[in-house]
Amino acid sequence: MSPAAPDVSGAVPTAGEDGTAGMRVRLSGLRAIVGEVSSPARTDAASSGRGADPSGQGAMVSARGLCKAYGSFTAVDGIDVEVRRGEAFGFLGPNGAGKSSTMRMIAAVSPPGGGELRVLGLDPATHGSQIRSRLGVCPQEDTLDTELTVRENLLIYGRYFGLSRRHVAAKADELLGFFQLTEKRGARVDDLSGGLKRRLTIARSLINDPDLLLLDEPTTGLDPQARHTLWDKLFRLRQQGVTLVLTTHYMDEAEQLCDRLVVMDGGRIVAEGSPLQLIREHATREVAELRFGVGDHAEVAATVADLADRVEVLPDRILLYTDDGEEALAKVHERGLSPVAMLARRATLEDVFLRLTGRTLVD
Ligand SMILES: Nc1ncnc2c1ncn2[C@@H]1O[C@H](COP(=O)(O)OP(=O)(O)OP(=O)(O)O)[C@@H](O)[C@H]1O
Ligand SMILES: [Mg+2]
């Protein structure tokens, strides 16, 4: 079924380069893009998550030597990734690491520059629209139609997939409830806060009951409570069998949500594993943090270096990597040093990230 309104534009899953970044396309173009897609056709094969994979065993995403270049610049430099059915998989990495470029290739809106890529068992080069019909995509930048209301955004997006009016209306209301947006259903998107827009973008990505949900920095800009609410929603979706692939700069988010993750840097994968595996492999059990006066850190670090397996000097603190943080702090005191502040804590993914990329996770 084709969408009825002839002259409505909006942010949609497009086939063009960087489509997830918000390309606005007229409906006639959309028919070409999602033309083969129809919701009822999903019900048997796709909604059971087995459309292209009757055995149900295959990877949801499989990449081998995947590359992406923009002109002479290589943004993604030969990565191998395998996302299994039903898992939550994360891409971590500093700004410019190549996360979004990878997500756009998986979303079948940006052609790979090299290597092999299969999404839902299909080749994006030949089955792009089939793949897109079974994906939910939440791009890094919101691509909502700001002129329309909250509910209209969902309705129109659903119609792009060729879903019936009745189906889309019911699904839209369900999603508004799920994401606690029902009260805002008639509000213009322009008038929403950043956090509400983010929730709506994620709600919109679910309008077609996707098997695979791609979330590029889903909670950036959300307040802590909204983040926790969203984690809960994502957790529930996973329980319902939706496979999640997400990028994030929040290490607590990655620890909470991801079964497995990769750390990317400079277009390459520098580590891979479960959060716990990565912490065990790349950090000590505990970390002692010391804060001294501004500018003192490098000098002081040299005098405590022998107290830890490894020392990291940051602009605002010194990190001592050791299996016993309290013991390290006691020894710092024994040496007559008086930090302005100090604490001992367990190592986290943040420490792994710092070790592997040499950067903290500040945007
Ligand atoms: N369309 C484009 N044209 C040219 N260069 C691009 C394009 N998209 C991304 N890049 C470059 O490719 C590199 C990787 O960008 P990408 O957006 O994939 O990084 P990222 O890991 O998502 O970063 P962030 O955490 O800041 O979102 C960056 O250096 C970026 O400037
Ligand atoms: Mg990005």
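Modeller: A crossing is right-handed if the near helix is turned clockwise from the far one by less than a right angle, and left-handed if it is turned anticlockwise. The model discussed here is predicted.

Colleague: Is the crossing of helix 5 and helix 6 left-handed or right-handed?

Modeller: Helix 5 and helix 6 pack with their axes 9 Å apart, at an angle of about 135 degrees. Angles over 145 degrees count as roughly antiparallel, so this angle makes helix 5 oblique to helix 6. The crossing itself is right-handed.

Colleague: By class, which residues does the contact of helix 5 with helix 6 have?

Modeller: Helix 5 brings Arg151, Leu154, Leu155, Gly158 and Arg159 to the contact, and helix 6 brings Val168, Ala169, Lys171, Ala172, Leu175 and Leu176. Gly counts as polar, whereas Arg and Lys count as charged. By class the contact has 7 nonpolar, 1 polar and 3 charged residues.

Colleague: How many residues of helix 5 are buried?

Modeller: The buried residues of helix 5 include Arg151 and Arg159 as well as Leu154 and Leu155. Helix 5 is mostly covered, and the buried count out of its 11 residues is 10.

Colleague: Is helix 5 roughly parallel or roughly antiparallel to helix 7?

Modeller: The axes of helix 5 (residues 150–160) and helix 7 (residues 194–205) come within 9 Å and cross at roughly 25 degrees. Angles under 35 degrees have a name of their own, and the helix 5 and helix 7 pair therefore counts as roughly parallel.

Colleague: Does helix 5 pass helix 7 in a left-handed or a right-handed crossing, that is, which hand applies?

Modeller: Helix 5 meets helix 7 through Val150, Asn153, Leu154 and Tyr157, with Leu200, Ala203 and Arg204 on the helix 7 side. The residues of this contact divide into 5 nonpolar, 1 polar and 1 charged. The crossing of helix 5 past helix 7 is right-handed.

Colleague: Why does tyrosine 160 count as buried?

Modeller: Tyrosine 160 lies in helix 5, and its C-alpha is 9.7 Å from that of asparagine 208, a residue 48 positions away in sequence. The cut-off for a buried residue is 20 or more other C-beta atoms within 10 Å. Tyrosine 160 counts as buried because its C-beta neighbours inside 10 Å number 27.

Colleague: Which glycine, with a positive phi, follows helix 5?

Modeller: Most residues other than glycine have a negative phi. The residue in question is a glycine with phi near 80 degrees, and helix 5 is followed by this glycine 162.

Colleague: Is arginine 165 buried or partly exposed?

Modeller: Arginine 165 lies in helix 6 (residues 165–178). Its C-alpha atom is separated by 7.8 Å from that of leucine 155, 10 residues away along the chain. With 13 other C-beta atoms within 10 Å, arginine 165 is partly exposed.

Colleague: What is the phi of leucine 120?

Modeller: Leucine 120 is in the loop between strand 6 (114–119) and helix 4 (124–133). It counts as buried because it has 27 C-beta neighbours inside 10 Å. Its phi is positive, although it is not a glycine, and lies near 55 degrees.

Colleague: Where is aspartate 209, which has a positive phi of about 50 degrees, found?

Modeller: Aspartate 209 is not a glycine, yet its phi is positive. With 18 C-beta neighbours inside 10 Å, it counts as partly exposed. Its place is the loop between helix 7 and strand 8 (212–216).

Colleague: Which helix gives the most to the shell around ligand 1?

Modeller: Of the 12 residues around ligand 1, the nearest are Tyr70, Ala75, Lys99, Ser100 and Ser101. By class the shell has 3 nonpolar, 7 polar and 2 charged residues. The element that gives the most, with 3 residues, is helix 3.

Definitions and conventions:
Residues numbered from 1 in each chain as written. Chains lettered and ligands numbered in written order. Predicted model: local features only at pLDDT ≥ 70, side-chain atom pairs only at ≥ 80, totals over all residues. Near = placed C-beta within 6 Å. Helix = DSSP H or I, 4+ residues; strand = E, 2+ residues; numbered from the N terminus. Axes fitted to C-alpha atoms, helices over the stretch in contact; angles between N-to-C directions. Parallel < 35°, antiparallel > 145°, perpendicular 65-115°, else oblique. Contact = placed C-beta atoms within 7 Å. Buried ≥ 20, exposed ≤ 12 C-beta atoms within 10 Å, placed from the backbone.
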